[in-house]
Amino acid sequence: MSDPPTGKGPPSVVTMVFSTLTHVLLLAPVIYILTVAFQNYSFFSWHPICMSLGVALLMAEAVFSISGEAYIGHKISRVNRVTMHWILHTAGLTLVLIGLIIIVANKVNHNRPHFSSPHSILGLISIILAFLVAGFGIVTNNPKWLYPRFRPVLLKIMHAFGGIAITVLLFASVITGTYKWSPIAETGRSLVFASLFIAGFFILVKPVLGAVSRSKVVFGPPPTTT
């Protein structure tokens with residue numbers, strides 16, 4: 001059985017340009033980080049490799065895909081985009097968890113203190129919250145578990161705002177990590193910051209507007225009747 005139609009036509013030129021630019025802004029810093037990591041290869045290198053791939057590519061794409069702006073095939077249904085969303089997030093969180101394990105093991109190998117810098121503390125908090133929001137996403141995708149105590153739209157609003165906050169924190173973790181990593185030049189750090197900051201803004205514009213719009217409907221005053 002084929003998927004139900006989405007009700008959308010082919011993406012406009014503006015949408016395609018917007019999507020392409022966002023992906024370029026995400027891909028460029030990841031390629032740069034991978035290049036630096038392999039040029040200065042060590043066991044630690046797998047930490048920035050896993051984190052950049054997991055956050056800036058997979059998890060960012062998961063957020064962008066659910067908004068409906070990034071998908072290449074305009075006939076992809078909402079249900080399939082939700083499926084893409086959780087698959088990409090699962091893959092991204094898996095890489096992030098591997099990156100966390102690697103940095104902990106590296107600290108142990110060099111007898112260094114754990115989570116002693118703002119970057120490491122921010123990263124740990126971001127990862128813990130990311131798994132919590134992901135777990136809540138499972139509940140959001142199965143609203144009957146909490147219905148009628150919680151309406152599905154309320155669950156979606158909570159998950160949306162949680163996802164937005166986590167995306168900001170994870171991007172901040174990657175960016176602050178470049179400022180602690182000595183092989184990255186000052187210019188490189190600035191370019192990574194600018195690229196991920198702009199890409200993150202582009203990715204989150206529609207989710208923020210959507211979450212705010214839903215919140216106004218749910219929590220705003222009831223419509224007046226004449």
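Student: Which pattern does the chain follow when read along the sequence?

Tutor: This is a predicted model, in which local features need pLDDT of at least 70 and side-chain atom pairs count only at pLDDT 80 or more, while totals for chains, interfaces and linings use all residues. Residues are numbered from 1 along each chain as its sequence is written, and side-chain values use heavy atoms, with hydrogens and water left out. Helices (H or I, at least four residues) and strands (E, at least two) are DSSP runs numbered from the N terminus, and the chain has 6 helices and 0 strands. Read along the sequence, the pattern is α-α-α-α-α-α.

Student: What average pLDDT does the chain have?

Tutor: pLDDT is the predictor's confidence in each residue, from 0 to 100. Over residues 1-7 it stays under 50, and the model has 8 contacts (heavy atoms within 4.5 Å) beyond four places in sequence for them. Of the residues in the chain, 89% score at least 70, and the average is 89.

Student: Which residues does Leu26 touch, not counting residues up to four places away in sequence?

Tutor: Leu26 is among the core members that touch the most others, together with Phe171, Leu196 and Ile203. Not counting residues up to four places away in sequence, Leu26 touches Ala56, Leu57, Ala60, Phe171, Leu196, Ala199 and Ile203.

Student: Is His89 buried or exposed?

Tutor: His89 lies in helix α3 and, leaving aside neighbours within four places in sequence, is in contact with Met59, Ala62 and Val63. Buried means under 20% relative accessible area, exposed over 50% and partly exposed in between (1.4 Å probe, protein chains only). The relative accessibility of His89 is 18%, so this residue counts as buried.

Student: How far apart in space are Leu53 and Leu27, C-alpha to C-alpha?

Tutor: Leu53 lies in helix α2 and is partly exposed, with a relative accessible area of 25%. Leu53 touches Val30, Leu34, Leu58 and Leu95, not counting residues up to four places away in sequence. Leu53 and Leu27 are 26 residues apart in sequence, and their C-alpha atoms are separated by 9.2 Å.

Student: Why is the pair of Phe38 and Tyr41 stacked?

Tutor: The structure holds 8 aromatic pairs. Rings of Phe, Tyr and Trp (its six-membered ring) pair if their centres lie within 6.5 Å; planes under 30 degrees apart count as stacked, over 60 as edge-to-face and the rest as tilted. The ring centres of Phe38 and Tyr41 are 6.3 Å apart, and the pair is stacked because the planes are at 5 degrees.

Student: At what angle are the ring planes of Phe193 and Phe197?

Tutor: Phe193 and Phe197 are 4 residues apart in helix α6 (residues 186-219), which separates them by about one helical turn. Phe193 is partly exposed at 38% relative accessible area, whereas Phe197 counts as exposed at 53%. Their ring centres are 5.8 Å apart, and the pair is stacked, with the planes at 25 degrees.

Technical notes. A nonpolar core is a set of buried Ala, Val, Leu, Ile, Met, Phe, Trp, Tyr and Cys residues joined through side-chain atoms within 4.5 Å.
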